[in-house]
Amino acid sequence: MENLVEARGLTKTFKRADGTPVEAVKNIDLDIHKGEIFSLLGPNGAGKTTTISMISGLLEPSAGDARIGGHSITQQPLDAKRLLGVVPQEIALYTELSARRNLDFFGRMYGLRGSELQHRIDETLDFIDLKDRQHDKVDTFSGGMKRRVNIGVGLLHRPQLVYMDEPTVGVDPQSRRRILDTVLRLRNEYGMTVLYTTHLMEEAQELSNRVGIIDHGEIIAVGTVGDLVLQVGEQDRLVFEVGNQPVDESLLRRIENDVEGITRAVYDAPGAGGELDDNASGQIVVYARRGRRALSPLIQIINGAGLEISAVQVKEPDLEAVFLHLTGRALRD
Ligand SMILES: Nc1ncnc2c1ncn2[C@@H]1O[C@H](COP(=O)(O)OP(=O)(O)OP(=O)(O)O)[C@@H](O)[C@H]1O
Ligand SMILES: [Mg+2]
């Protein structure tokens with residue numbers, strides 16, 4: 001597998017106003033293969049933007065370096081940057097200009113001119129599906145449309161590699177869908193390599209060939225979704241909704257013991273234990289290998305303890321479970 005990006009020892013330490021250091025990114029190594037969509041998945045403040053900014057030459061690393069197509073971003077920034085298009089997290093457009101004029105302006109910044117530039121603009125407007133609104137001012141656009149223009153700017157010079165920093169934040173579901181489809185087309189139809197950041201595991205799961213999970217400035221796992229999920233031991237998550245009924249500690253013990261025989265399971269019922277009368281989550285959560293097989297005996301045990309179950313969910317392991325497994329925290333918090 002050919003690497004288009006190789007980051008080694010990337011580190012960034014910021015200084016707060018009072019002088020205390022913030023280690024935003026700690027010694028990250030990262031390979032991105034040619035032609036893949038690689039997602040950097042992590043919660044707010046994990047270091048996604050800082051990492052991407054260093055790899056794209058917008059921010060000087062405190063230590064380490066990244067190579068794009070073999071060119072060092074710190075030593076040969078012009079050669080490296082020629083290969084990449086950046087779609088920043090903050091929308092950077094001239095809102096009083098039309099979509100077309102924005103593309104024209106940024107195209108000139110990339111050194112495009114004349115009929116070639118006009119041709120690229122037409123192509124890009126087609127790609128982001130904004131041809132019919134091309135002459136309207138950007139400040140009359142919805143959030144999702146602005147995002148699409150922002151993406152278009154990053155694609156104008158046909159880079160080999162595109163960075164997109166949380167491009168679906170703050171857009172409606174329909175625009176989100178279009179943006180995700182755009183990302184997939186970049187890879188599938190144009191053979192581009194995409195480095196995508198998100199704090200949404202569904203997006204990482206749908207889009208990525210490989211995912212890097214980032215937390216507190218460190219990459220804590222890298223691999224295909226399948227690889228990562230294997231790391232958590234393929235346990236399904238079974239959720240039994242029991243509403244406001246108090247959950248007794250001894251019931252949880254029985255579930256733990258009985259299920260052990262059928263599958264291997266651990267229980268986790270937030271709101272139980274110390275707060276038996278206030279079963280806040282209203283759920284009994286069981287992790288079990290091949291969880292579906294444990295479903296019917298578990299229902300019997302829970303019903304047998306006098307609890308009514310209003311709903312049951314079986315969730316196969318996903319990136320959320322991987323994150324929880326690795327950090328002890330939920331990705332969404
Ligand atoms: N210019 C700066 N000065 C000081 N601290 C900063 C600066 N930029 C980022 N940080 C800190 O570095 C850490 C990583 O921030 P970063 O923006 O890379 O996270 P992120 O994963 O992109 O988060 P989000 O999902 O919110 O965009 C955070 O603790 C942030 O407060
Ligand atoms: Mg960010």
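**Note on the predicted model**

1. Asp104 touches Leu117, Gln118 and Ile121, residues up to four places away in sequence being left out of the list; contact means heavy atoms within 4.5 Å. Asp104 is found in helix α3, residues 99-109; helices (H or I, at least four residues) and strands (E, at least two) are DSSP runs numbered from the N terminus. With a relative accessible area of 14%, Asp104 is buried, where buried means under 20% relative accessible area, exposed over 50% and partly exposed in between (1.4 Å probe, protein chains only).

2. On conventions, this is a predicted model in which local features need pLDDT of at least 70 and side-chain atom pairs count only at pLDDT 80 or more, while totals for chains, interfaces and linings use all residues. Residues are numbered from 1 along each chain as its sequence is written, chains are lettered from A and ligands numbered from 1 in the order in which they are written, and side-chain values use heavy atoms, with hydrogens and water left out.

3. The domain assignment, automatic or from a database, divides the chain into domain 1 (1-83 + 161-176 + 184-233 + 319-333), domain 2 (91-158) and domain 3 (235-316). The centres of domain 1 and domain 2, taken over C-alpha atoms, are separated by 25 Å. Contacts link 13 residues of domain 1 with 8 residues of domain 2.

4. Between domain 1 and domain 2 about 850 Å² is buried, 66% of it from carbon and sulfur atoms; buried area is the accessible area (1.4 Å probe) that two parts lose on being put together, summed over both. On the domain 1 side, Pro167, Ser175 and Arg185 lose the most area to domain 2, together 33% of what that side buries. The count of salt bridges between domain 1 and domain 2 is 0, a salt bridge being a side-chain nitrogen of Lys or Arg within 4 Å of a carboxyl oxygen of Asp or Glu.

5. An open sheet of 4 strands runs in the order β2-β1-β4-β5 with antiparallel pairing; two strands pair if DSSP finds at least two bridges between them. Because β2 (21-33) and β5 (71-72) stand at the edges with a single partner strand each, one side of each is left without a neighbour in the sheet. β4 (residues 63-68) pairs with β5 over 2 bridges, and Arg67 stands opposite Ser72 in β5.

6. Phe240 lies in strand β11, residues 235-241, and counts as buried at 0% relative accessibility. Among the residues that Phe240 touches are Ile284, Leu295, Leu298 and Val312. Phe240 and Gln313 are 73 residues apart in sequence, yet 6.7 Å apart in space, C-alpha to C-alpha.
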